[in-house]
Every structure is written in structure tokens, then in C-alpha cells.
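These notebook entries record what I looked up in the structure shown below. I kept each entry brief.

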Amino acid sequence: MTKPSLPDLLHAAVSAVGGTERPGQVAMAEAVAEAIDDNSHRLIQAGTGTGKSLGYLVPALAHGERVVVATATLALQRQLVERDLPRTVEALHPQLRRRPQFAMLKGRSNYLCLHRLHEGAPQDEEEGLFDQFEAATPTSKLGKDLLRLRDWADETETGDRDDLTPGVSDKAWSQISVSSRECLGATKCAYGAECFAEAARERAKLADVVVTNHALLAIDAIEGAPVLPQHEVLIVDEAHELVSRVTGVATGELTPGQVNRAVKRSAKLVDEKIADALQTASETFERVMELALPGRLEEIPEDLGYALMSLRDASRNVISAIGATRDKSVHDEDAVRKQALAAVETIHAVAERITNGSEYDVVWYERHDRFGATLRVAPLSVSGLLREKLFEDRSVVLTSATLKIGGDFNGVAASLGLSPEGVEGDDVPLWKGLDVGSPFDYPKQGILYVAKHLATPGREGTRGDMMDELAELIEAAGGRTLGLFSSMRGAKAAAEELRGRLGNPILLQGEETLGELIKNFAADPKTCLFGTLSLWQGVDVPGPSCQLVIMDRIPFPRPDDPLMSARQKSVEEHGGNGFMAVAATHAALLMAQGAGRLVRASGDRGVVAVLDPRLATARYGSFLRATLPDFWYTNDRNQVRRSLAAIDAAAQVDGK
């Protein structure tokens, strides 16, 4: 029997999902197939509308070996498992003569824990043993959530939090879930045979395609204990997010509250002298943290160093003692012991990491008005980790609508631990880049307007001229505006000001759930939606409701961001341009994602307006513009107002 051709398979899959075959999608599928066949690596930029999911799924399914697909967002995970994969598998079955299996796999805390549900969560002493079902009043939000979770547990087949709709609060979910460290293990747990997390792992072991997230991929790479099943091909979608997700997983933190909880959980399980030592170390740490000022700690202050060494040593003794004692008077002792051990091991690991001190780590204090001070430690770079753990023994394809920063792939490649394209070296994986473009005609569908006449944004101030410009643009567009702001304070100030000046409804992030805000924004063309970071990447509203995307300023990282400023300084110390490698690259990535909110379908028209003259006047402006879609570019404010008015008029006619 002859092997079915890739174009035939792709055609069948595209027809099955009701899509349109695109040249970029074909080019992408061929590149993925080539990478899989010769066990090599690809970075593939595929613009919005390419159909990149099928562009990698079809060659992956045709290959026949196990493939792991890692995505950043829940929305894409669900789309793959609930829509794209079922239809694609059915469409390819007649030609492949097999039905590849697929499964979703997430971290353990995403699944309901039957042990926690039935036996209760070991709680801090003054709270007594869990029966939140009893303790939480049935009329309270927590009480209602917990009762609904109990009912849901009887009917769910997956135990996956994301299958519960509507969702519940993090506090409610924490009562019926466990982290991997707190888990008793299937062989020791009375509910091991029915465990949802174990069932998900078993399904993943049998599947041809495993869909997971960047965080679990990072845990699999960093912690050494394999979570994902063995696989020959790794596809990372939304790959522009990977470095920040891996950094998040590799970041440790300590707070006085966290340490105090660990003390209480372990006190019953060890003798009084060992428990008292951890209590004393906790109190010392709390006193130091009361005086902590936000910012980077290039050297660990003496009082903090002493407190951390005390925590490290005391927690090590507790860990040893917990492992050596048994106390039958403790209800559900194994679970209590496991939770205490997990809490103390975290304290020990972070205290030891900071105490040991590594030139590759950044340590800093953060302060929160409500929660007080936090001590954090994060890797200066994850590029070495990714190079070592990601690209060995498998073919890796990284794809996103935004991988070329400033016009080439090398910036993103460097953050992943790769050399410039085509450069060979010892232990440096070779890779190829491919930009398959976008099916959209950006110069005809969109305008990039930079308000060159405005004052340069300062660190403080309301920017009155910017508010006037914002109001005039929204009026010309008839609403239809997504406002992307570099800070929540900026978004709130603009919403408050313009609610008083304009007749258009203005929605503000934080005043409702993100899903509800986007739904309401899409439903009424006169409505505007203002917000910050998650809106730059999380909004997909094709059609006339989003015809103006406004960015208040270039979204450089805050100058006082300890991790970003440390990374910038490190690049400079090694002879590079820290500003361009870190701050400008960060801004370019966000701006490209933000600008990508405008054109989501072939009929979309509109304007991306940047209210920061530096995009036109600064030397780095051309680098940032090279990362954005190829819109028609202008600084002419009158031309833009006329264009917006014309787009608004056309949309009103079409809407009748």
C-alpha cells in the first residue's frame, strides 16, 4: 500500500473542519514533516488565519510516532482536544487506515483529588480538620462552591477543573486538590484505583498525541522526574510564551505566612525541640521581612542570610524527623505527613537555593499592600536549561504568530539557548526558521498610526494630550475600540476620564471576568474595552466590534523590574546591547501580539493606533515596527480620523 501524500491528508483535514487551504499552511505542514523525518528542529512563524493547528497536527499524525503538543493557553488546549483532533483523526482515518489516539495531560493540581474530597484536607491546628462542607455556610460563595464540587465529583468522568462550568474560586478548588508533592501516590492511597490524575497519565501513555501546557513541559524538564510519556516529537505552540512560563516554574518564593503554615503542619509530627527550632527560625524570618524594601538584592544582607540559614537547617531537621516517626493519634496520618513534608521541603529548597547563592540566580523582595513582603528567586536566564532539556533526543517544532522579533528569528532563538540560524557548534542544536506569512492583506486591511505629535510619555502624569487623542479616535471609530494599556493604573485613568466625556460604554478589565468582558465587547459595536497584559494576547473578536486597537505607550518592562533589569545588565556585562536584547525585545513581542488583535478574519478592517511618538522618532522604533504586521503606516492624524469614520460608516451599512 502506498503511503498517503501529505497534500492529500491536509486537504482531507481542512475539508473536515470546514476551513480553507492556505499556501502558508501547506508550507508549514511540509516543514514540520521534514523536521520529523530528519529529526531536526524548526522555528515557524505562522500569522493569524494560517490554520497552524492543522499545519502541525496533520504531519504529526501521519508520522505515527508519539507527539507531545504543548500550548500556553487553555483555549487552544480545548480547541485541539475538543474540535481539531477529533475531526482530523476521523478525516485521516480512511487514508491512514488507523485512528490515532489523543489525550490531554495537565499538572496534578488541575484534577479533583478523591482522597481530599472524602477524607478531608489536613488543616492548620486552629482551623481543625477539614470539613469545609460543614464549616462554610451553605449560603456563602465558598459553601456553594464546595457543595457544587461534591455533586460534580459524582458525575465527572475526568475530574479536570476546566470541565467544571461555571468554575469555582481558587480557595474552593484548593480544598479538593493536591500538588504532586502532597499526593500520597496511587499505591498508598485508598482511592488510587479511581484517581483522576492517574487515569489522565494512563491515557497519555497510550495516546499518539498528548496535549499539555508549557508549565507541565517545564516541570518535566526541570524536575528530572518524567511527567510526560516518552515521545519522539515535541511541538510547542504559542512558543513566544515559553520562556516566561519556564521562568515562572523555575521561580521560588518565601513568605512569612507560608513558613508559618509549614511550622504548624509539621509541629505534631516531630519532637518538641525540633519543632521549636523551626518556630524560632520562622519568627526570625518574619522580623526580617517586616523591614524588607522592594527591589533586587545583589548581595544577601547579613540579617536575611542568618534567617535563611536558620530556616534551611531547621527545616532539614524537620524533614529527617518526619520521615522517622509515626503517630497513630493523628487522623489520616499519611495525608497529614505528606502535606507537612511538602510544605517544609519547599521552605528548605528555596532557603538553600538563596543561601548557596548562584551567579545565575536573581533574588529580590516584593511588597504587597495586603499580603506584605515576599522573597523571590528566579533564574537569570533559562536558555541553557532549555537547550539542554528541550532539544535532546527528539525533533522540536516551535510555532507562533510572533517569533520574528525585529525582522529575524535569532532573538527568540537565543532565548531558547540556540545559536543564530545556520551556526554550528559543539552541543548547539541546529535549526531552521520559516515564516509562512499570513493569508491576510495587511497593507489593505489595516493602518498603523503613530501619534507623532504627542508628548513623550513620562513615568508619571495623566498625559492630557493623549486623553484628547484617545477620545477623538474613539469618536471617529464610533466605539469599536480595544484599549491596550501598559499598566492597570493607566487603563483605569483612561476609563474614568472617557466615561465622563464620551457616550460609549467603556468596559474595564477587573470589573467582570475576562470571558464576560470579551463577550459584551463583541456583542455591541459601540462598546470599548480597556485593560492590560492579558488583553494584549487573549482577545479574539473578528468583525466590526474591534476596528480600532489603541496602545497607550510602548510596553517596555518597568525600570524597577528586578528580573528584567538584571537580565539587561547581564547582557551588557557580556558586551551586548541589554536594552535591545531585553527591554526592546519584550516590548516588540507584546506590541506584535497586541497589533494582532485587529485583523482576525479576511473581512476585517481597522487601525492600530500607538499613542507614543517614540515608535516614529526613536532609533529603536524601526526594530519595533519590523515586528508588527505590515500595515499601511502613517503619522497623519486627519487621514486616520477620516479612515476610521469611513470604516465605521461601512460597518453600520453592513450591519443593517
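**Cavities, a helix and a histidine**

I noted that helix H5 (114-119), helix H9 (196-206) and helix H15 (333-356) each contribute at least two residues to the lining of the largest cavity. The model is predicted.

Entry 1, cavities. I found four cavities of 30 Å³ or more in the structure. For the largest cavity I recorded a volume of about 260 Å³. Its lining consists of 24 residues, and Cys-113, His-115, Val-178, Cys-183 and Leu-184 are those nearest the centre.

Which residues of H20 are buried? I listed Ala-491, Ala-494, Ala-495 and Leu-498. Viewed down the axis of H20, these buried residues fall within an arc of 100°, so they line one face of the helix. In general, an α-helix has 3.6 residues a turn, so residues three or four places apart point the same way. On the face of H20 turned away from the buried side, I noted the exposed residues Arg-489, Glu-496 and Gly-500. The cover over the buried residues of H20 includes helix H19 (464-477), strand S14 (506-508) and strand S15 (528-531).

I placed His-368 in strand S8 (residues 361-368). His-368 has a relative accessible area of 41% and is therefore partly exposed. I also looked up its separation from Asp-271: 97 residues in sequence and 35 Å in space, C-alpha to C-alpha.

Note on methods: Residues numbered from 1 in each chain as written. Predicted model: local features only at pLDDT ≥ 70, side-chain atom pairs only at ≥ 80, totals over all residues. Heavy atoms only, no water. Buried < 20%, exposed > 50% of the residue type's maximum accessible area, 1.4 Å probe, protein only. Helix = DSSP H or I, 4+ residues; strand = E, 2+ residues; numbered from the N terminus. Arc of directions from axis to C-beta. Contact = heavy atoms within 4.5 Å. 1 Å grid on protein atoms, 1.4 Å probe; cavity = no way out; pocket = protein on both sides within 12 Å on 5 of 7 lines; lining within 4 Å. Points joined across faces, edges and corners; volume = space filled by probe spheres on them.
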